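Colleague: I am new to this model and would like to learn how to read the packing of its helices. Please take me through one case.

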Amino acid sequence: MPYLTLAEIERLARDAHQGQTDKAGRPYAEHLQAVAEGVRLRGGSDEQIAAAWLHDSVEDDALSADRLAALALPRTVKDMVLAVSKRPGEETEDYTRRILDTPGALLVKEADLAHNADPARLAVLDEPTRIRLTAKYARVRALLGLTAG
């Protein structure tokens, strides 16, 4: 069975997150598109771009892990998606270690963090939320060994 194309993966991700919004009330697909583009601009492979489109699908319950497993995707894409999916109650150190241990996942998470920490996105949030998220993203970047920016 042939693998899904990037266009098919994009459509799947957009459909899976249909009706969801981010913390600023924007359509969630805008975040997915920004992360996929961030991966592309950082020189990511088609598999990493595919994982970027799907990076929040399991964590946000847009797709079940079983549905992800059944999709016509390379194992590497599925592994990256699962690596960047934070599990309920999981310690941040365990989460970041899994990302570092999964080939290709670090670039996907780097693009995700870059978009999440975009000052324009953070500016529309209330101050306590902005402060909390800024600290959270900085901690994850540090644990992943990513430099600021």
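**A helix pair and its surroundings**

Modeller: The axes of α6 and helix α9 (residues 127-144) come within 9 Å and cross at roughly 50°. This is a predicted model: local features need pLDDT of at least 70, side-chain atom pairs count only at pLDDT 80 or more, and totals for chains, interfaces and linings use all residues. Residues are numbered from 1 along each chain as its sequence is written, and side-chain values use heavy atoms, with hydrogens and water left out.

Colleague: How are two packed helices described?

Modeller: By the angle between their axes and the distance between the axes. Axes are lines fitted to C-alpha atoms, for helices over the stretch in contact, and angles run from 0 to 180 degrees between N-to-C directions. Angles under 35 degrees count as roughly parallel, over 145 as roughly antiparallel, 65 to 115 as roughly perpendicular and the rest as oblique. α6 and α9 are therefore oblique to each other.

Colleague: Which residues of α6 and α9 meet?

Modeller: Contact means heavy atoms within 4.5 Å. On the α6 side are Thr-92, Glu-93, Thr-96, Ile-99 and Leu-100, which meet Arg-139, Val-140, Leu-143 and Leu-144 of α9.

Colleague: Which residues of α6 are buried?

Modeller: Buried means under 20% relative accessible area (1.4 Å probe, protein chains only). In α6 these are Thr-92, Tyr-95, Thr-96, Arg-98 and Ile-99. Down the axis of α6 they fall within an arc of 155° (taken from the directions from the helix axis to the C-beta atoms), so they line one face of the helix. The buried residues of α6 pack against α5, α7 and α9.

Colleague: And α5?

Modeller: Helix α5 (residues 75-83) has Val-77, Lys-78, Met-80, Val-81 and Ala-83 buried.

Notes
Buried < 20%, exposed > 50% of the residue type's maximum accessible area, 1.4 Å probe, protein only. Helix = DSSP H or I, 4+ residues; strand = E, 2+ residues; numbered from the N terminus.
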